[in-house]
Amino acid sequence: FNEDAALANTEQRFVQLFGGEPGRPPDGFVSTADQVLFLANDPLVINLLQPRGDNLADRIIKMTADNPVAIAEELFLSTLARRPSLDEVKDVTEYLAGKTGDARSKSVRELIWAAMSSSEFRFNH
């Protein structure tokens, strides 16, 4: 498995879907059905969210639930390049509360997906 080649293919897929036409910037924000379906269902995106090595999902899953601020900060700094607000820390804490094992792993992947699918991510990254 050639990780560099896989990442190059991943980057190309994102550029195709979100990059627009070369030399023709869009007049405004337009979200296409292809983009929405890609983020919601494409195996490439789903695979990126799987915990492995030292990726974001793996790091968050390994963090203990007794420090929800650290969990929220890892999520927000890694995806949105900013610290979470108090309300966002509360939302993350409540969403993960009481979840262990596979349920926690799935919830962490859903949080990352939600951040990656947000308009803030799209407009800033």
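This is a predicted model: local features need pLDDT of at least 70, side-chain atom pairs count only at pLDDT 80 or more; totals for chains, interfaces and linings use all residues.
Local features need pLDDT of at least 70, side-chain atom pairs count only at pLDDT 80 or more, and totals for chains, interfaces and linings use all residues. Residues are numbered from 1 along each chain as its sequence is written, and side-chain values use heavy atoms, with hydrogens and water left out.

Start with the rings. The structure holds one aromatic pair (Phe, Tyr or six-membered Trp rings with centres within 6.5 Å; planes under 30 degrees apart are stacked, over 60 edge-to-face, the rest tilted). F14 lies in helix α1 (residues 3–18) and F38 in helix α2 (residues 33–41), 24 residues apart. Helices here are DSSP runs of H or I, at least four residues, numbered from the N terminus. F38 counts as buried because its relative accessibility is 2%; buried means under 20%, exposed over 50%, and partly exposed in between, with a 1.4 Å probe and protein chains only. F14, at 24%, is partly exposed.

Now the charges. The count comes to eight salt bridges (a Lys or Arg side-chain nitrogen within 4 Å of an Asp or Glu carboxyl oxygen). R82, E88 and E120 are linked in a network of them. R82 meets E88 at 2.8 Å, N to O, and E120 at 2.6 Å. R82 is partly exposed, at 25%. E94 and K90 form another bridge, at 3.8 Å; both lie in helix α6, four residues apart.

Terms used: Helices (H or I, at least four residues) and strands (E, at least two) are DSSP runs, numbered from the N terminus.
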